[in-house]
Structures are given as C-alpha cells and as structure tokens.
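Open the model in your viewer and get ready to click. We will go stop by stop, selecting a few things at a time.

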Amino acid sequence: MSSYNKKCVEDIDVKGKKVIVRVDFNVPLKDGVITDDKRIVAALPTIKYLVDNKAKVILVSHMGKPKGQVNPKFSLAPASKRLGELLGMEVLQATDVVGEDAKAKAASLQEGQVMMLENARFHAEEEKNDPAFAKELADMAEIFVNDAFGTAHRAHATTAGIADYLPAVSGYLIQKEISIMGKALANPERPFVGILGGAKVADKLNVISNLLEKCDTLIIGGGMAYTFLKAMGKEIGESLLDDSKLDYCKEMIAKAEKLGKKLLLPIDAKIAASFPDPIDGPIEVKCVSVDEIPADMQGLDIGCKTAELFANAVKSAKTVVWNGPMGVFENPTLAEGTIAIAKAMAETDAITIVGGGDSAAAVKKMGFADKITHVSTGGGASLEFLEGLVLPGIACLQDK
Ligand code: AMP
C-alpha cells in the first residue's frame, strides 16, 4: 500500500525554500509556436500552490528528443513564455540546465518567483540517470517535487535520481494519479471491471494478467480480442492475429476460470473486406456473430450486441478501468464500439478511470472526459501502473 500513500506538496513546508519541480512541458511545437498548451495548463495548480506559499520555484522538464545535445529547436523558452502568460507573472528562463546561468538564477530567486531550466535532455546524463548530474540539479534546490506522471515510469535524473539528494514529494497531478488509479488497483470498490482493447496482445501481456487477478470481470475488445477468439477455436478470417500469443491467451482463459473471474470477449463484430485506407476513409462493413467471420474478411470493431454486453458490465460495476479502443476508432464507421464504452462509463456513478493513450484521447474527443472520474495523463506510465509495477518516479517519493 505504501507506494500509493505518498507525501504531496501540501504535506511539507515550502515557504522560502527552493523547490525544484519536474513538470511535463513536452508540448507540441510548430515553427516555435505551441500548438497545444494543455500540459502547461495541467501543471498550474502545483506551480500556483508553490507561488502562493512563497516557495522559490525552479521548473525542470524535457522537450522532444534532443539526444543529449544542446539544440535550440528543443528549447523550453516557448513553454516558459506561455507559462508566464498563464500565471500572469514573469517566468525566468535559464539558458542552460546545470550551468552558470541556471545556478545564478536559482541562487538569486525571490520568494514566489518562478524560473525554468533548459531542456534536461540537452544532457545525455538525464536519461542515463547519472548520479553526478542528479546531484548538480539537486544542489540548486532544497526540495524535489515530481509532477510529471507521463515520465514517472522512467528512472531518469530529473524523475527519480534527484530524489536521492533531496526530500521528495508529489505535485497535484501525480497525487491525483496515485490517489485514484493507485487506490482503485490496490483496494477497489467491487465489482471491479477492467476493459482492455487496442491492437496487440503482445503489448499488454502483463496488463492482462495483472488485471485478471485484480478485477471481477475482465473485458477484452479491439484487435487483441481476435487472438483470444482464435485461441478459443474460432475462425477469425483476416482479423488481427498475434500468432505467437495464442498459447498465452489460452493460459489467460484458463487462469480466469481457475480464479473464478469473468472474461468477456466479443460475441459479434463489424467486419470489412480490408483495413480502411486512408484510416478514416469510407468503408463498407457488416455485423456478424464471431462464429461467422468469413475467411476473407476482418473484424474492425465490436458489434452492437457486444457493445450492449460490455456496457451492461460497466453499468453493474463500482469501479471501471479502461485502456485501449474497441475498434479502429480513427474511422467514424468503426468508432461506435469505442463510443459505446465511453458513453457507458460517462453515464455510470461508478469510479471510472481511463488509462492514457488512445482511449484517453477518444474520451476527450467525444466530450466525455469531464464525466469520467479520472483520465490518466500518461500513456506508458499508466500502462505500467496497470501492470502493477512500481513506477520509479513515484517510488522515490516520501511515504506519508
Ligand atoms: P494500442 O496502441 O495498442 O492501444 O492500439 C490502438 C490501435 O488499435 C488503434 O490505432 C486502433 O485503430 C487499433 N485497433 C483497434 N481495434 C482494431 C482491430 N479490430 N483491428 C485492427 N486494429 C485495431
């Protein structure tokens, strides 16, 4: 349990202290202009709390993949400028990460002032989690706050290594991830329903087995369902098949039975003669039972009966965790299964959690995000969370 019970910024005294905060300002840029500032907006509560409580705030982030080299294309200056606009105050931008400018600016920070270091990935030591680099960063501050969930599954100098040298706590973003998703997995209100979709079984092996142990019902849709259906002896035509994972699927089916867990798979599918090209282009589909998929057709979305079956399972749940689309949701004709799940989750009073990546994007695009208890901000990080792994960027924080 302790990994879900971490200290947050509110649990420590920050007044007058230099606080180095790992944020995720890896925002999309086009010609030096930020095209989507939601990651900066998401970090505001933690930054504002620190400013209001008179901390001296030093922000650190990565941006893109500069591969350990200084590269102005990946500068954090546009992000700190945008942050300044959002905060309505000046944000000092250092020209380096642990160089003279950063150190001088950090040393002369006033209470309530905010500065931003340059891109941590300008140094190869960042991703190598080099202890000397982590210590140099730590030496500029007195407290470390991690608020970048999207990189919490990586043990880098600014996400984990730095915590070897400073008292470390979470910001509000990580706190929310821990308290909702962590708690749901460790101590869920039951019935607990897990829903998995997406393309490949191979990408989610550990998620499937971990959720099977924790859930009362595990629902599998999307492309990965077809390998399960094949493992049950069904003919799946040209549908996505992870040949090498057939035995694994058989194992999971047996495991569900042994543990007395319900494993729900599609009973019907929307099929087409080929994969849509372009992916959002027009496509002719028909809906058939999963016992009737012709050899030359492929399943690209769950059918209506399956959508109803899955939605009913969601309705009877007290906790629902969902990761991965039910079909090729990029195509409007093949998005209905994914929309049905999103809608069922939006309509229930249960604790509903969408675990990052495509399903989070889908829920937001459909306008359901504010009816979901928690939409996780990290794709890879949330998957590792669902696998039951302890994330290095969370493990390094102080227990309450
Ligand atoms: P993932 O990254 O594993 O979550 O997979 C997401 C991708 O799976 C999306 O781009 C979907 O288009 C794709 N997908 C979902 N269902 C199917 C399916 N039945 N056949 C092929 N691809 C699918």
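**Stop one: around the ligand**

Select the ligand and the shell of residues around it: seven are nonpolar, five are polar and three are charged. Keep in mind that this is a predicted model.

Which residues come nearest to the ligand? Among the 15 residues around it, they are Ala199, Gly223, Gly299, Glu330 and Asp358.

**Stop two: polar atoms at the ligand**

Now show the backbone of Gly223. One of its N or O atoms there lies 3.1 Å from a nitrogen atom of the ligand. Move on to Gly299. A polar backbone atom of Gly299 is 3.1 Å from a nitrogen atom of the ligand.

Next, show the side chain of Lys204. Here an N or O atom of the side chain is 3.3 Å from an oxygen atom of the ligand.

How much of the ligand's accessible area does the protein cover? On its own, the ligand has 510 Å² of accessible area, and the protein covers 82% of that.

The space that the ligand takes is the second largest pocket.

**Stop three: Ser170**

Is Ser170 buried or exposed? Ser170 is buried, because its relative accessible area is 0%, and the cut-off for buried is under 20%.

The side chains of Ser170 and Gln175 make a polar contact at 2.8 Å.

Methods:
Residues are numbered from 1 along each chain as its sequence is written. This is a predicted model: local features need pLDDT of at least 70, side-chain atom pairs count only at pLDDT 80 or more; totals for chains, interfaces and linings use all residues. Side-chain values use heavy atoms; hydrogens and water are left out. A residue is near a molecule or strand if one of its heavy atoms lies within 4 Å of it. A polar contact is a pair of N or O atoms within 3.5 Å; within protein, one must be able to donate a hydrogen and the other to accept it, and residues adjacent in sequence count only if both atoms are side-chain atoms. Accessible areas come from the Shrake-Rupley method with a 1.4 Å probe; for residues, only the protein chains shown count as cover. On a 1 Å grid over the protein atoms alone, a cavity is a set of points where a 1.4 Å probe fits but cannot get out, and a pocket is an open set with protein on both sides within 12 Å along at least five of seven lines; lining residues have an atom within 4 Å of a point. A molecule sits in a cavity or pocket if more than half of its atoms lie within 2 Å of its grid points. Ala, Val, Leu, Ile, Met, Phe, Trp, Tyr, Cys and Pro count as nonpolar, Asp, Glu, Lys and Arg as charged, and the others, Gly among them, as polar. Buried means under 20% relative accessible area, exposed over 50%, partly exposed in between (1.4 Å probe, protein chains only).
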